Amino acid sequence: MHIFTDIQIDGLALWVVLLTGCGVFLASFMDAIAGGGGIISVPTYLLAFHGMPTYYALGTNKLSSGVGTFFSTARFVKNGYVCWRLAAPSVVFALVGSVLGTELQHHTPDIVLKYLLLVVLPVVAVVTLRTRTWPDTPGEINPRKQAAIVWGASFLIGAYDGYYGPGTGTFLMLVFIRLAKMDTRTAAGGVKVVNFSSNIGSLFTAWQAGYVLFGVGALAAVFSILGHYLGAGLAIQNGSKIVRPAVILVLVLLTVKVISELLFPEFWA
């Protein structure tokens, strides 16, 4: 039984609206470029709405980020940076993975995953830093192998998105570029399709469990749309010049977030 009810938007203090708007806008702008927007948006919800349980922050974040991701995805599609041969099946894999991940989130503590991320993040950071330039043209790879990598990542990282979330787009970008040999812009377009799908799957599961605050999510979605639209435009125009630095920033922020959750759990409770 869920006792935390929705919040009346017309009764919110101005500072709460401004904090929510600024936090979600920055999160969405970063998310559209390199993923990882949840690193900013989830703490924003917890700070702005004191007493909001983490499950509600995660569920409501899926609403606002899902709406925003739709607009950045549409911009990549419009500019021809989505390979539908890979992306269409990825939608199904991401949906299934995110539903399973969200179900798991509702029944297990996330402390194990946080310790696992402390091992994974330095490895990912080293790989990113060693790659001085990110490709603006695709590499050579067997199409079947590429499809297996993209679809497998869509399922596994989609499940991670449903379970925990922050850094999803960043991890997908690294797999699509480093392992699937996609160029930076097409990889970013594929990431948007997969991330939108995993958001929808996770949102539906969180809504079924009663963990989505639609009033708060609708307010945040307005700022999320603006951030995603502008961020996608910047990524399309600048390609690897903007994406690689953004990925490095996301990895640093995600590391700080995970460590802070382990050292100061009372802040995130």
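Visitor: Which helix gives the largest share of the lining of the second largest cavity?
Guide: That is α4, with three residues. The model is predicted, so local features need pLDDT of at least 70 and side-chain atom pairs count only at pLDDT 80 or more, while totals for chains, interfaces and linings use all residues. Residues are numbered from 1 along each chain as its sequence is written, and side-chain values use heavy atoms, with hydrogens and water left out.

Visitor: What counts as a cavity, and as lining?
Guide: On a 1 Å grid over the protein atoms alone, a cavity is a set of points where a 1.4 Å probe fits but cannot get out, and lining residues have an atom within 4 Å of a point. Helices are DSSP runs (H or I, at least four residues), numbered from the N terminus.

Visitor: Which residues line the second largest cavity?
Guide: Cys83, Leu86, Ala87, Ser90, Val150, Phe176, Met182, Gly190 and Val194 line it. Both α4 (84-105) and α8 supply at least two residues of that lining.

Visitor: How do those split by class?
Guide: Seven are nonpolar, two polar and no charged. Here Ala, Val, Leu, Ile, Met, Phe, Trp, Tyr, Cys and Pro count as nonpolar, Asp, Glu, Lys and Arg as charged, and the others, Gly among them, as polar.

Visitor: New topic, helix packing. How are two packed helices described?
Guide: By the angle between their axes and the distance between the axes. Axes are lines fitted to C-alpha atoms, for helices over the stretch in contact, and angles run from 0 to 180 degrees between N-to-C directions.

Visitor: At what angle do α3 and α8 cross?
Guide: They cross at roughly 150°, with axes that come within 8 Å. The two are therefore roughly antiparallel (over 145 degrees).

Visitor: Is that crossing left-handed or right-handed?
Guide: The crossing of α3 and α8 is left-handed, where the near helix is turned anticlockwise from the far one by less than a right angle, clockwise being right-handed. Among the residues making the contact (heavy atoms within 4.5 Å) are Ser65 and Phe70 of α3 and Lys192 and Phe196 of α8.

Visitor: What about α1 and α9, at what angle do they pack?
Guide: About 30°, with their axes 7 Å apart. They are therefore roughly parallel (under 35 degrees). α1 passes α9 in a right-handed crossing.

Visitor: Which residues make that contact?
Guide: Among them are Phe25, Phe29 and Asp31 of α1 and Phe223, His228 and Leu230 of α9. The contact of α1 with α9 divides into 14 nonpolar, seven polar and one charged.

Technical notes
On a 1 Å grid over the protein atoms alone, a cavity is a set of points where a 1.4 Å probe fits but cannot get out, and a pocket is an open set with protein on both sides within 12 Å along at least five of seven lines; lining residues have an atom within 4 Å of a point. Angles under 35 degrees count as roughly parallel, over 145 as roughly antiparallel, 65 to 115 as roughly perpendicular and the rest as oblique.
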